[in-house]
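Take the points in order.

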Amino acid sequence: MIRRPRSKVVCHLSLPAAAVALVLGLLLVLGPAGAPALAQDTAFTAAMDDPAYADPPTYLLELNDGELLPPEIVVPARTRFRMLVRNIGTKPAEFESNQLRQEEVLFMGAEAEVTITPLDPGTYDYFDEFDMRVMGRIVAREGGN
Amino acid sequence: MLGQVIFVVARESIEALLIIGILYAWLGRRPDAATGRRWILGGVLAGLGLATLLALTLMGVTTFLGGAARTWFEIGMLAVAAALIVQMVMWMRSHGRTLRRDMENDLSGHADAANWWGVFLLTAIAVGREGAETVMFLYGTFLQLDSLGSYLNFVVSGLVGFALAMVLFVALQMGSRFISWKWFFRVTEVMLLLLAGSLFLTATDKVLNKVLSAWNLPGWIYATVWDSSAFLSDSSGLGSLMAALFGYRSQPIVWNLLMYVLFWGVVWALFRWQKHSQIRRVHLPGV
(Lines give C-alpha, C1' and ligand atoms only; values in the text may rest on other atoms or scores of the structure.)
Protein backbone atom coordinates (compact mmCIF):
# COMPACT_ATOMS: atom_id res chain seq x y z
CA MET A 1 0.00 0.00 0.00
CA ILE A 2 1.39 3.33 -1.03
CA ARG A 3 1.22 6.18 1.41
CA ARG A 4 1.19 9.77 0.38
CA PRO A 5 4.16 11.79 1.52
CA ARG A 6 3.57 13.51 4.81
CA SER A 7 4.23 16.95 3.45
CA LYS A 8 0.99 16.76 1.44
CA VAL A 9 -1.00 16.47 4.64
CA VAL A 10 0.62 19.57 6.03
CA CYS A 11 -0.19 21.38 2.81
CA HIS A 12 -3.88 20.49 3.10
CA LEU A 13 -4.04 21.56 6.71
CA SER A 14 -2.45 24.88 6.00
CA LEU A 15 -5.45 26.53 4.34
CA PRO A 16 -7.93 26.68 7.24
CA ALA A 17 -5.04 26.90 9.68
CA ALA A 18 -3.72 29.97 7.86
CA ALA A 19 -7.12 31.64 8.05
CA VAL A 20 -7.42 31.01 11.78
CA ALA A 21 -3.83 32.18 12.28
CA LEU A 22 -4.64 35.33 10.34
CA VAL A 23 -7.59 36.08 12.61
CA LEU A 24 -5.58 35.40 15.75
CA GLY A 25 -2.69 37.44 14.38
CA LEU A 26 -4.96 40.39 13.73
CA LEU A 27 -6.25 40.03 17.26
CA LEU A 28 -2.74 40.23 18.68
CA VAL A 29 -1.64 43.13 16.52
CA LEU A 30 -4.72 45.23 17.03
CA GLY A 31 -5.33 44.44 20.65
CA PRO A 32 -8.67 44.51 22.43
CA ALA A 33 -11.19 47.18 21.60
CA GLY A 34 -10.59 50.29 23.63
CA ALA A 35 -13.49 52.57 24.36
CA PRO A 36 -12.76 55.86 22.61
CA ALA A 37 -12.81 58.91 24.82
CA LEU A 38 -16.18 60.56 24.42
CA ALA A 39 -17.28 63.91 25.69
CA GLN A 40 -19.15 63.34 28.92
CA ASP A 41 -21.75 65.94 28.08
CA THR A 42 -22.96 64.04 25.00
CA ALA A 43 -26.68 63.80 25.59
CA PHE A 44 -28.50 60.58 24.79
CA THR A 45 -30.73 60.79 21.75
CA ALA A 46 -34.42 60.75 22.57
CA ALA A 47 -36.18 57.53 21.64
CA MET A 48 -39.46 57.66 19.72
CA ASP A 49 -42.39 58.74 21.83
CA ASP A 50 -44.82 56.12 20.56
CA PRO A 51 -46.33 53.32 22.68
CA ALA A 52 -46.05 50.94 19.71
CA TYR A 53 -42.27 51.44 19.71
CA ALA A 54 -41.66 51.56 23.46
CA ASP A 55 -40.05 48.19 24.15
CA PRO A 56 -37.24 48.04 23.29
CA PRO A 57 -36.63 51.79 22.82
CA THR A 58 -36.76 52.75 19.15
CA TYR A 59 -34.87 55.50 17.31
CA LEU A 60 -36.12 56.99 14.07
CA LEU A 61 -33.68 57.30 11.19
CA GLU A 62 -34.74 58.90 7.92
CA LEU A 63 -32.81 58.55 4.67
CA ASN A 64 -33.28 61.38 2.22
CA ASP A 65 -31.31 60.87 -1.03
CA GLY A 66 -28.04 60.23 0.76
CA GLU A 67 -28.78 62.53 3.68
CA LEU A 68 -29.00 60.81 7.09
CA LEU A 69 -31.46 62.24 9.60
CA PRO A 70 -30.10 62.32 12.22
CA PRO A 71 -26.42 61.75 11.35
CA GLU A 72 -25.60 60.77 14.94
CA ILE A 73 -27.54 58.75 17.49
CA VAL A 74 -26.30 58.37 21.07
CA VAL A 75 -27.58 55.25 22.83
CA PRO A 76 -26.91 53.51 26.16
CA ALA A 77 -24.23 50.82 25.87
CA ARG A 78 -25.04 47.11 26.34
CA THR A 79 -28.74 47.61 25.79
CA ARG A 80 -30.81 46.19 22.95
CA PHE A 81 -32.67 48.77 20.89
CA ARG A 82 -34.52 49.16 17.61
CA MET A 83 -34.21 51.52 14.68
CA LEU A 84 -37.10 52.49 12.46
CA VAL A 85 -35.44 53.26 9.13
CA ARG A 86 -37.55 55.17 6.64
CA ASN A 87 -36.69 56.20 3.10
CA ILE A 88 -38.20 59.66 2.53
CA GLY A 89 -36.07 60.40 -0.54
CA THR A 90 -36.85 60.23 -4.24
CA LYS A 91 -34.53 57.27 -4.92
CA PRO A 92 -34.09 53.77 -3.46
CA ALA A 93 -31.78 53.56 -0.43
CA GLU A 94 -29.88 50.85 1.39
CA PHE A 95 -29.36 51.25 5.11
CA GLU A 96 -26.08 49.44 5.73
CA SER A 97 -23.65 48.95 8.55
CA ASN A 98 -21.13 46.13 8.76
CA GLN A 99 -20.33 47.25 12.28
CA LEU A 100 -23.97 46.94 13.36
CA ARG A 101 -24.40 43.84 11.16
CA GLN A 102 -27.29 45.38 9.23
CA GLU A 103 -28.34 45.75 5.62
CA GLU A 104 -31.83 46.76 4.60
CA VAL A 105 -32.89 47.81 1.12
CA LEU A 106 -35.65 50.40 1.00
CA PHE A 107 -37.68 51.48 -1.99
CA MET A 108 -39.07 55.02 -2.02
CA GLY A 109 -41.51 55.45 0.85
CA ALA A 110 -40.58 52.12 2.42
CA GLU A 111 -39.66 51.66 6.06
CA ALA A 112 -38.10 48.81 8.02
CA GLU A 113 -37.63 48.00 11.66
CA VAL A 114 -34.25 46.63 12.64
CA THR A 115 -33.10 45.34 16.01
CA ILE A 116 -29.61 46.26 17.15
CA THR A 117 -28.09 43.79 19.60
CA PRO A 118 -26.39 45.21 22.75
CA LEU A 119 -23.31 47.29 21.83
CA ASP A 120 -20.10 47.71 23.77
CA PRO A 121 -19.17 51.36 24.36
CA GLY A 122 -17.81 52.75 21.11
CA THR A 123 -18.65 54.28 17.76
CA TYR A 124 -20.38 52.43 14.97
CA ASP A 125 -20.83 53.75 11.44
CA TYR A 126 -23.89 53.48 9.22
CA PHE A 127 -24.54 54.77 5.72
CA ASP A 128 -26.74 54.62 2.65
CA GLU A 129 -24.95 52.12 0.43
CA PHE A 130 -26.63 53.53 -2.68
CA ASP A 131 -25.32 57.02 -1.85
CA MET A 132 -22.20 56.86 0.31
CA ARG A 133 -21.37 60.57 0.54
CA VAL A 134 -22.30 60.92 4.20
CA MET A 135 -21.34 58.67 7.10
CA GLY A 136 -23.63 58.45 10.10
CA ARG A 137 -22.64 57.10 13.47
CA ILE A 138 -24.12 55.47 16.51
CA VAL A 139 -22.34 56.24 19.73
CA ALA A 140 -22.89 53.73 22.51
CA ARG A 141 -21.88 54.98 25.92
CA GLU A 142 -22.20 53.99 29.55
CA GLY A 143 -24.61 55.61 31.96
CA GLY A 144 -27.92 55.01 30.23
CA ASN A 145 -30.67 53.55 32.36
CA MET B 1 -22.44 60.32 -16.16
CA LEU B 2 -24.26 59.15 -13.09
CA GLY B 3 -21.50 58.22 -10.66
CA GLN B 4 -23.93 56.60 -8.30
CA VAL B 5 -25.25 54.25 -11.00
CA ILE B 6 -21.70 53.28 -12.03
CA PHE B 7 -20.73 52.62 -8.43
CA VAL B 8 -23.78 50.60 -7.44
CA VAL B 9 -23.76 48.42 -10.57
CA ALA B 10 -20.02 47.71 -10.26
CA ARG B 11 -20.23 47.07 -6.53
CA GLU B 12 -23.24 44.76 -6.72
CA SER B 13 -21.99 42.75 -9.72
CA ILE B 14 -18.51 42.01 -8.44
CA GLU B 15 -19.42 39.22 -6.03
CA ALA B 16 -21.39 37.25 -8.64
CA LEU B 17 -18.68 37.82 -11.25
CA LEU B 18 -16.02 36.48 -8.89
CA ILE B 19 -17.93 33.21 -8.46
CA ILE B 20 -18.89 32.94 -12.13
CA GLY B 21 -15.40 33.96 -13.28
CA ILE B 22 -13.70 31.20 -11.29
CA LEU B 23 -16.25 28.55 -12.32
CA TYR B 24 -15.97 29.64 -15.96
CA ALA B 25 -12.17 29.52 -15.95
CA TRP B 26 -12.12 26.19 -14.17
CA LEU B 27 -14.67 24.59 -16.48
CA GLY B 28 -12.68 25.85 -19.47
CA ARG B 29 -10.00 23.35 -18.53
CA ARG B 30 -12.33 20.41 -18.70
CA PRO B 31 -13.03 18.39 -21.84
CA ASP B 32 -16.76 19.00 -21.26
CA ALA B 33 -16.31 22.79 -21.07
CA ALA B 34 -19.16 23.46 -23.51
CA THR B 35 -21.65 21.60 -21.31
CA GLY B 36 -20.46 23.43 -18.23
CA ARG B 37 -20.79 26.82 -19.87
CA ARG B 38 -24.36 26.06 -20.88
CA TRP B 39 -25.17 25.33 -17.21
CA ILE B 40 -23.55 28.61 -16.16
CA LEU B 41 -25.50 30.54 -18.79
CA GLY B 42 -28.69 28.84 -17.62
CA GLY B 43 -27.84 29.82 -14.05
CA VAL B 44 -27.27 33.46 -15.04
CA LEU B 45 -30.64 33.61 -16.83
CA ALA B 46 -32.44 31.95 -13.90
CA GLY B 47 -30.63 34.36 -11.58
CA LEU B 48 -31.87 37.37 -13.54
CA GLY B 49 -35.40 36.00 -13.21
CA LEU B 50 -34.91 35.51 -9.47
CA ALA B 51 -33.48 39.04 -9.17
CA THR B 52 -36.54 40.54 -10.86
CA LEU B 53 -38.91 38.54 -8.65
CA LEU B 54 -37.03 39.56 -5.48
CA ALA B 55 -36.90 43.18 -6.61
CA LEU B 56 -40.69 43.16 -6.98
CA THR B 57 -41.06 42.00 -3.36
CA LEU B 58 -38.58 44.69 -2.24
CA MET B 59 -40.68 47.31 -4.01
CA GLY B 60 -43.82 45.98 -2.39
CA VAL B 61 -45.41 45.14 -5.75
CA THR B 62 -45.96 41.55 -4.68
CA THR B 63 -46.08 40.15 -1.17
CA PHE B 64 -45.42 36.52 -1.92
CA LEU B 65 -42.55 36.77 0.54
CA GLY B 66 -43.65 38.83 3.51
CA GLY B 67 -41.77 39.73 6.70
CA ALA B 68 -40.49 36.58 8.40
CA ALA B 69 -40.57 34.51 5.20
CA ARG B 70 -38.24 36.95 3.46
CA THR B 71 -35.80 36.83 6.38
CA TRP B 72 -35.66 33.04 6.18
CA PHE B 73 -35.39 33.15 2.39
CA GLU B 74 -32.39 35.50 2.65
CA ILE B 75 -30.74 33.34 5.31
CA GLY B 76 -31.44 30.26 3.18
CA MET B 77 -29.94 31.80 0.03
CA LEU B 78 -26.77 32.85 1.87
CA ALA B 79 -26.33 29.48 3.60
CA VAL B 80 -27.01 27.46 0.44
CA ALA B 81 -24.59 29.63 -1.56
CA ALA B 82 -21.88 29.13 1.10
CA ALA B 83 -22.48 25.36 1.13
CA LEU B 84 -22.43 25.15 -2.69
CA ILE B 85 -19.15 27.07 -2.89
CA VAL B 86 -17.52 24.66 -0.43
CA GLN B 87 -18.94 21.74 -2.42
CA MET B 88 -17.57 23.25 -5.67
CA VAL B 89 -14.13 23.60 -4.15
CA MET B 90 -14.26 19.96 -3.06
CA TRP B 91 -15.32 18.98 -6.57
CA MET B 92 -12.41 20.93 -8.03
CA ARG B 93 -10.04 19.34 -5.53
CA SER B 94 -11.09 15.81 -6.34
CA HIS B 95 -11.04 16.32 -10.11
CA GLY B 96 -8.46 19.02 -10.58
CA ARG B 97 -5.44 16.81 -10.10
CA THR B 98 -6.67 13.73 -11.93
CA LEU B 99 -8.79 15.31 -14.59
CA ARG B 100 -8.00 13.10 -17.54
CA ARG B 101 -8.24 9.80 -15.71
CA ASP B 102 -11.60 10.75 -14.20
CA MET B 103 -13.04 11.81 -17.50
CA GLU B 104 -12.24 8.45 -19.02
CA ASN B 105 -13.92 6.78 -16.10
CA ASP B 106 -17.64 6.37 -16.64
CA LEU B 107 -18.27 6.27 -12.90
CA SER B 108 -17.62 9.99 -12.55
CA GLY B 109 -20.48 10.76 -14.94
CA HIS B 110 -23.19 10.36 -12.33
CA ALA B 111 -21.48 12.57 -9.78
CA ASP B 112 -20.96 15.24 -12.45
CA ALA B 113 -24.66 15.43 -13.29
CA ALA B 114 -25.33 16.42 -9.68
CA ASN B 115 -22.50 18.94 -9.79
CA TRP B 116 -23.93 20.61 -12.90
CA TRP B 117 -27.06 21.34 -10.91
CA GLY B 118 -24.80 22.76 -8.20
CA VAL B 119 -23.12 25.05 -10.76
CA PHE B 120 -26.54 26.14 -12.02
CA LEU B 121 -27.97 26.84 -8.55
CA LEU B 122 -24.86 28.63 -7.29
CA THR B 123 -24.78 30.90 -10.35
CA ALA B 124 -28.51 31.60 -10.05
CA ILE B 125 -28.27 32.55 -6.35
CA ALA B 126 -25.14 34.65 -6.90
CA VAL B 127 -26.80 36.64 -9.67
CA GLY B 128 -30.23 36.73 -8.03
CA ARG B 129 -29.22 37.88 -4.56
CA GLU B 130 -27.15 40.95 -5.45
CA GLY B 131 -29.05 41.43 -8.69
CA ALA B 132 -32.30 42.07 -6.83
CA GLU B 133 -30.85 45.16 -5.17
CA THR B 134 -29.40 46.36 -8.47
CA VAL B 135 -32.71 45.91 -10.28
CA MET B 136 -34.58 47.81 -7.56
CA PHE B 137 -32.01 50.59 -7.51
CA LEU B 138 -31.94 50.94 -11.30
CA TYR B 139 -35.74 50.93 -11.54
CA GLY B 140 -36.05 53.58 -8.82
CA THR B 141 -33.42 55.75 -10.51
CA PHE B 142 -35.05 55.17 -13.89
CA LEU B 143 -38.33 56.60 -12.56
CA GLN B 144 -36.60 59.93 -11.91
CA LEU B 145 -35.39 60.39 -15.47
CA ASP B 146 -37.11 62.96 -17.64
CA SER B 147 -35.19 63.65 -20.86
CA LEU B 148 -33.69 61.66 -23.69
CA GLY B 149 -30.25 62.80 -22.56
CA SER B 150 -30.80 61.51 -19.04
CA TYR B 151 -32.00 58.12 -20.33
CA LEU B 152 -28.89 57.84 -22.47
CA ASN B 153 -26.71 58.88 -19.57
CA PHE B 154 -28.40 56.27 -17.39
CA VAL B 155 -27.84 53.41 -19.84
CA VAL B 156 -24.20 54.36 -20.49
CA SER B 157 -23.50 54.67 -16.75
CA GLY B 158 -25.01 51.25 -16.09
CA LEU B 159 -22.87 49.70 -18.82
CA VAL B 160 -19.71 51.42 -17.55
CA GLY B 161 -20.40 50.09 -14.03
CA PHE B 162 -20.86 46.57 -15.37
CA ALA B 163 -17.73 46.88 -17.52
CA LEU B 164 -15.74 47.85 -14.41
CA ALA B 165 -16.89 44.69 -12.65
CA MET B 166 -16.15 42.66 -15.81
CA VAL B 167 -12.48 43.66 -15.45
CA LEU B 168 -12.34 41.13 -12.59
CA PHE B 169 -13.95 38.44 -14.76
CA VAL B 170 -11.53 39.06 -17.62
CA ALA B 171 -8.57 39.12 -15.20
CA LEU B 172 -9.63 35.70 -13.90
CA GLN B 173 -9.83 34.27 -17.43
CA MET B 174 -6.40 35.67 -18.32
CA GLY B 175 -5.03 34.45 -15.01
CA SER B 176 -6.18 30.94 -15.70
CA ARG B 177 -4.39 31.02 -19.04
CA PHE B 178 -1.11 32.69 -18.12
CA ILE B 179 -0.50 31.65 -14.52
CA SER B 180 0.39 28.02 -13.88
CA TRP B 181 -2.72 25.96 -13.31
CA LYS B 182 -1.55 24.87 -9.87
CA TRP B 183 -1.22 28.46 -8.66
CA PHE B 184 -4.42 29.65 -10.26
CA PHE B 185 -6.24 26.77 -8.59
CA ARG B 186 -4.70 27.49 -5.19
CA VAL B 187 -5.39 31.22 -5.24
CA THR B 188 -8.98 30.91 -6.47
CA GLU B 189 -9.65 28.12 -3.99
CA VAL B 190 -8.71 30.43 -1.12
CA MET B 191 -10.77 33.28 -2.63
CA LEU B 192 -13.83 31.03 -2.97
CA LEU B 193 -13.55 29.71 0.59
CA LEU B 194 -13.12 33.23 2.00
CA LEU B 195 -16.19 34.33 0.06
CA ALA B 196 -18.17 31.34 1.36
CA GLY B 197 -17.06 32.28 4.89
CA SER B 198 -18.23 35.84 4.30
CA LEU B 199 -21.65 34.65 3.08
CA PHE B 200 -21.92 32.35 6.10
CA LEU B 201 -21.03 35.25 8.44
CA THR B 202 -23.77 37.40 6.87
CA ALA B 203 -26.26 34.54 7.19
CA THR B 204 -25.46 34.09 10.89
CA ASP B 205 -25.65 37.88 11.42
CA LYS B 206 -29.22 37.73 10.14
CA VAL B 207 -29.96 34.82 12.46
CA LEU B 208 -28.66 36.86 15.41
CA ASN B 209 -30.40 40.12 14.42
CA LYS B 210 -33.71 38.85 13.13
CA VAL B 211 -34.35 35.44 14.64
CA LEU B 212 -32.61 35.54 18.02
CA SER B 213 -33.21 39.25 18.57
CA ALA B 214 -36.31 38.70 20.68
CA TRP B 215 -34.16 37.25 23.47
CA ASN B 216 -31.26 38.65 25.45
CA LEU B 217 -28.43 36.17 25.00
CA PRO B 218 -25.58 36.16 27.55
CA GLY B 219 -23.76 39.50 27.38
CA TRP B 220 -20.39 38.08 26.32
CA ILE B 221 -21.89 36.94 23.00
CA TYR B 222 -22.25 40.61 22.04
CA ALA B 223 -18.85 41.75 23.33
CA THR B 224 -16.64 43.50 20.77
CA VAL B 225 -13.47 41.47 20.22
CA TRP B 226 -11.37 44.13 18.52
CA ASP B 227 -11.76 47.50 16.86
CA SER B 228 -9.70 48.04 13.72
CA SER B 229 -12.03 50.67 12.25
CA ALA B 230 -9.32 53.32 12.56
CA PHE B 231 -6.99 51.14 10.47
CA LEU B 232 -9.49 49.91 7.86
CA SER B 233 -13.15 50.68 8.47
CA ASP B 234 -15.61 48.32 6.83
CA SER B 235 -17.70 51.39 6.12
CA SER B 236 -15.07 52.71 3.72
CA GLY B 237 -15.20 51.73 0.05
CA LEU B 238 -12.28 49.30 0.28
CA GLY B 239 -13.34 48.01 3.71
CA SER B 240 -16.87 47.22 2.61
CA LEU B 241 -15.56 45.40 -0.46
CA MET B 242 -13.22 43.41 1.80
CA ALA B 243 -16.22 42.67 4.03
CA ALA B 244 -18.31 41.38 1.12
CA LEU B 245 -15.62 39.31 -0.59
CA PHE B 246 -13.46 38.13 2.28
CA GLY B 247 -15.61 38.52 5.40
CA TYR B 248 -13.56 41.35 6.88
CA ARG B 249 -15.06 42.93 10.01
CA SER B 250 -13.59 45.96 11.76
CA GLN B 251 -15.64 45.56 14.96
CA PRO B 252 -16.54 41.88 15.24
CA ILE B 253 -18.33 40.49 18.27
CA VAL B 254 -17.79 37.11 19.94
CA TRP B 255 -20.75 35.67 17.96
CA ASN B 256 -18.99 36.53 14.66
CA LEU B 257 -15.79 34.85 15.76
CA LEU B 258 -17.59 31.70 16.98
CA MET B 259 -19.44 31.41 13.67
CA TYR B 260 -16.26 31.96 11.68
CA VAL B 261 -14.41 29.27 13.63
CA LEU B 262 -17.42 26.96 13.13
CA PHE B 263 -17.29 27.57 9.36
CA TRP B 264 -13.59 26.80 9.05
CA GLY B 265 -13.93 23.83 11.40
CA VAL B 266 -16.59 22.29 9.15
CA VAL B 267 -14.53 23.02 6.00
CA TRP B 268 -11.46 21.46 7.58
CA ALA B 269 -13.42 18.35 8.64
CA LEU B 270 -14.96 17.99 5.17
CA PHE B 271 -11.58 18.24 3.44
CA ARG B 272 -10.11 15.68 5.80
CA TRP B 273 -13.01 13.33 5.18
CA GLN B 274 -12.69 13.82 1.43
CA LYS B 275 -8.98 13.09 1.49
CA HIS B 276 -9.40 9.90 3.46
CA SER B 277 -12.23 8.59 1.32
CA GLN B 278 -10.18 9.34 -1.80
CA ILE B 279 -7.15 7.49 -0.56
CA ARG B 280 -9.35 4.51 0.21
CA ARG B 281 -10.96 4.60 -3.23
CA VAL B 282 -7.65 4.78 -5.03
CA HIS B 283 -5.87 2.11 -3.05
CA LEU B 284 -8.46 -0.50 -2.16
CA PRO B 285 -8.44 -2.32 -5.51
CA GLY B 286 -4.70 -2.82 -5.22
CA VAL B 287 -4.77 -4.27 -1.71
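1. A word on helices before we start: helices (H or I, at least four residues) and strands (E, at least two) are DSSP runs, numbered from the N terminus. Keep in mind that this is a predicted model, where local features need pLDDT of at least 70, side-chain atom pairs count only at pLDDT 80 or more, and totals for chains, interfaces and linings use all residues. Residues are numbered from 1 along each chain as its sequence is written, chains are lettered from A and ligands numbered from 1 in the order in which they are written, and side-chain values use heavy atoms, with hydrogens and water left out.

2. Let's begin with charges. A salt bridge here is a side-chain nitrogen of Lys or Arg within 4 Å of a carboxyl oxygen of Asp or Glu. Over all chains, the structure holds 18 of them.

3. Have a look at Glu74(B) and Arg70(B), whose side chains meet in a salt bridge at 3.5 Å, N to O. They sit four residues apart in helix α3 (residues 67-96) of chain B, so about one helical turn separates them. Glu74(B) counts as buried, at 19% relative accessibility (buried means under 20% relative accessible area, exposed over 50%, partly exposed in between, with a 1.4 Å probe and protein chains only).

4. That pair isn't alone. Glu103(A), Glu104(A), Arg70(B), Glu74(B), Lys206(B) and Lys210(B) are linked in a network of salt bridges.

5. Now try chain A: Arg78(A) and Glu142(A) form a salt bridge, with the closest N and O atoms 2.7 Å apart. This pair links distant parts of the chain, 64 residues apart: Arg78(A) is in the loop between β3 (72-76) and β4 (81-87), and Glu142(A) is in the segment after β9 (135-141). Arg78(A) is partly exposed at 47%, and Glu142(A) is partly exposed at 44%.

6. Arg129(B) and Glu130(B) also form a salt bridge, at 2.9 Å between the closest N and O atoms. Arg129(B) is buried at 16%, and Glu130(B) is buried at 10%.

7. On to the greasy part. A nonpolar core is a set of buried Ala, Val, Leu, Ile, Met, Phe, Trp, Tyr and Cys residues joined through side-chain atoms within 4.5 Å. The largest has 72 residues, and Leu23(B), Ile85(B), Leu122(B) and Met136(B) have the most contacts inside it. Which helix gives the most to this core? That's α1(B), with 14 residues.
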